[in-house]
Amino acid sequence: MTATQTDPQTETKRTVRRVLQRVVLPVDRDMDVLPLYVDPDRPQLDVDKSPLTMTQRGKLPPTEPNAQVEPDPHAVLGRYRYQVTENQRVSFGTYFNGFAASYWRMWTVVTSVTLNVRVTGADASVLVYRSMPNGRAQRVDSAIVEGASGDFSFDLSLSPFGDGGWYWFDIVAGPDGATLEEASWVAEVPADRAEPGTLSIGITTMNRPDFCAKLLAQIGGDADVHSVLDEVIVAEQGTQKVVDDPGFAAAQEALGDKLRIIEQGNMGGSGGYARAQFETLEAGRSTYMMCMDDDVVCEPESIVRAVTFGDLCRKPTIVGGHMFSLYAKSRLHSFGEIINPYRFWWHSPPTVETDWDFAERNLRSSRWLHRRIDVDFNGWFMCLIPTQVLREVGLSLPVFIKWDDSEFGVRARSHGYPTVTLPGAAVWHVPWTDKNDALDWQSYFHQRNRTIAALLHSPYEHGGRVVRESFNHQIKHLFSMQYSTAELRHLALEDVLAGPERLHGELLTKLPELRALRQQYDDARTQAQPDYFPSVERKKPPKRGQDPTLPKNRFGQLVSAATSAVRQARPVRELAQRHPEARLAAMDAKWWMIAQFDSVVVSMPDGTSSAWYKRDQDEFKSLLARTIEIHQRLHREWPQLAQRYRDSLADITSPEAWAKTFEANAAERQDG
């Protein structure tokens with residue numbers, strides 16, 4: 001072998017050091033988000049619930065929250081520096097700064113990690129911990145600053161993290177205080193993975209110019225994001241343009257020629273994201289395409305972490321982020337999403353606690369957070385997709401909104417590409433708990449797209465419980481006098497039965513049709529003024545003086561359900577046609593509560609308006625007859641219909657099919 005030759009085996013074993021994750025801090029010193037980055041020493045009070053069933057958990061006495069010891073915002077000295085006062089102990093075992101070792105162990109080529117910490121301050125201590133999958137903590141190593149400063153490296157194996165567990169470190173200041181100058185988690189990785197991949201970010205926007213402009217400026221203002229960013233593609237689908245917002249100039253300056261705005265008709269989220277996916281593939285330079293909502297606040301480090309994790313995965317992997325509440329910024333809404341294949345409905349895994357507030361229960365004391373959570377899909381509010389996956393499995397399903405992200409995750413998995421929701425990568429977003437989009441025009445897309453996704457991917461011959469649950473929900477809407485919702489759900493199933501061929505053609509036309517149809521119904525006509533509707537009156541007082549709008553126990557719910565079924569056969573009480581019989585708060589407007597009245601004013605979940613629901617016997621009978629007929633037909637035709645959708649999937653999600661839709665839309669806009 002000559003001196004210029006390289007042994008292939010030696011070359012493949014060559015490694016380089018790569019930063020996996022840096023310890024970062026919020027430079028705006030926002031007290032609401034600071035508990036996600038740094039945590040004063042607080043007791044661990046949680047109970048290990050992981051072996052318990054959901055019923056058993058409900059019987060446990062509540063555990064008290066962490067002591068209200070808050071981090072000092074003035075201790076944040078910069079993006080990477082934090083000051084610890086004398087004799088104080090501070091932990092970086094937090095959502096953004098703990099190292100979720102089990103995820104790296106499960107999905108990536110990384111087998112060990114090195115924690116590098118630089119601290120100034122005599123006699124300060126650095127203590128390294130790890131957790132078990134059940135959340136129990138173990139001390140791993142420690143070091144003391146012997147002079148004015150210390151640089152420490154801790155070599156840590158990932159081998160024990162098969163089912164869960166994190167690494168983190170604490171700093172205990174000496175009598176003169178201490179400062180964390182910087183810290184990072186690094187690893188030896190194969191040489192061919194030394195250079196980071198690059199990404200194009202796709203943002204779909206619709207009349208949120210201020211939100212979108214701020215997000216663009218935030219992305220463009222981070223130098224580390226710039227280093228992996230090819231382009232930001234904004235699919236502008238609204239009438240209020242982001243380019244007209246006062247904040248757009250700063251966004252444009254920050255991103256420069258890496259920003260591209262594409263105007264198109266309103267094709268919903270699926271049409272906007274498909275456009276960015278299509279343009280990314282056409283450009284042919286990015287390793288990844290990231291979907292991101294226009295109304296989020298992003299931790300920019302999350303983008304870099306998602307790219308790094310994706311680069312080091314054993315196979316091309318979809319890497320998603322978590323969602324925190326934009327209005328309660330320490331509250332995490334979900335720690336992962338799966339789909340029940342029998343119901344074909346999304347939900348959190350059974351070991352996950354939803355709507356978790358890190359300000360009250362920190363990472364170290366919340367044992368359930370230490371189990372690794374495997375998912376079926378990730379929401380497209382922040383989701384990194386390898387372009388290799390897009391080329392093989394296709395682009396978004398053309399369904400406007402709802403189920404496009406979840407269907408894509410299931411489709412990718414069927415091709416051998418997993419999804420990972422990565423702790424430490426997240427955005428802040430308007431929480432879905434503040435909405436009830438299952439009742440407005442979006443109810444059509446919930447119904448249609450869930451059914452389509454089940455037809456495409458359900459392993460059961462007739463879709464498991466999908467048809468039955470659809471029928472049950474329809475009856476509840478009818479009992480609740482939500483006739484507009486029932487009608488939209490009928491239309492959704494009729495369109496499903498018509499087949500997949502119309503999906504692309506209806507992207508631009510379906511929403512106006514739905515909005516016009518809804519306005520024919522009382523339950524869809526909302527009013528903002530609290531005194532717009534007539535006063536509440538009843539001919540007879542409530543039985544035994546009991547307020548019928550008070551929450552009911554399980555027995556009361558069953559009684560209301562039974563009597564409501566009988567009520568549908570009786571004439572509407574005459575006074576109820578002129579006056580509502582009650583007013584219901586949105587939180588109390590369950591179907592069994594609404595159904596006990598002949599008319600009722602119901603508040604909307606966002607608190608801005610209300611609607612007057614009125615019982616109509618003729619409407620009920622007509623909708624009920626259609627409900628029975630449509631669901632019988634759907635059950636009967638399911639096997640053949642499922643085959644039609646599956647045979648068409650590759651075509652309707654192909655870049656070629658989407659290109660035709662974009663071209664047709666551009667031609668219409670030019671003619672218009």
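I started with Gly135, which touches Arg364, Arg367 and His370 once residues up to four places away in sequence are left out; contact here means heavy atoms within 4.5 Å. This is a predicted model, where local features need pLDDT of at least 70, side-chain atom pairs count only at pLDDT 80 or more, and totals for chains, interfaces and linings use all residues. Residues are numbered from 1 along each chain as its sequence is written, and side-chain values use heavy atoms, with hydrogens and water left out.

I found Gly135 in the loop between strand S6 (125–131) and strand S7 (137–144). Strands are DSSP runs of E with at least two residues, helices are runs of H or I with at least four, and both are numbered from the N terminus. Is Gly135 buried or exposed? It counts as buried, at 2% relative accessibility. The cut-offs are under 20% relative accessible area for buried, over 50% for exposed and partly exposed in between, using a 1.4 Å probe and protein chains only.

I also took two C-alpha distances.

Val84 sits in strand S3 (residues 82–84). I got a relative accessible area of 0% for Val84, so it is buried. Neighbours within four places in sequence aside, Val84 is in contact with Val90, Ile171, Ala173, Gly177 and Ala178.

**Ser334**

Next I looked up Ser334, in strand S17 (residues 331–334). Its relative accessibility is 8%, so Ser334 counts as buried. Which side chains does the Ser334 side chain make polar contacts with? I noted Glu337 at 2.6 Å and Ser348 at 3.4 Å. A polar contact is a pair of N or O atoms within 3.5 Å; within protein, one must be able to donate a hydrogen and the other to accept it, and residues adjacent in sequence count only if both atoms are side-chain atoms. Ser348 is also among the residues that Ser334 touches beyond four places in sequence, along with His322, Met323 and Trp432.

**Helix pairs**

I then turned to H11 (residues 442–457) and H17 (residues 617–652), which pack at about 65° with axes 8 Å apart. Axes are lines fitted to C-alpha atoms, for helices over the stretch in contact, and angles run from 0 to 180 degrees between N-to-C directions. That angle makes H11 roughly perpendicular to H17; the classes are under 35 degrees for roughly parallel, over 145 for roughly antiparallel, 65 to 115 for roughly perpendicular and oblique for the rest. I listed the residues in this contact by class as 10 nonpolar, 4 polar and 1 charged. Ala, Val, Leu, Ile, Met, Phe, Trp, Tyr, Cys and Pro count as nonpolar, Asp, Glu, Lys and Arg as charged, and the others, Gly among them, as polar.

H11 also packs with H10 (residues 404–414), at about 5° and with axes 10 Å apart. So H10 is roughly parallel to H11. Here I have Glu407, Val410 and Arg411 of H10 meeting Ala453, Leu456 and His457 of H11. That contact has 3 nonpolar, 1 polar and 2 charged residues.

Last, I checked H4 (residues 209–220) against H6 (residues 248–255): the axes come within 8 Å and cross at roughly 25°. H4 and H6 are therefore roughly parallel.
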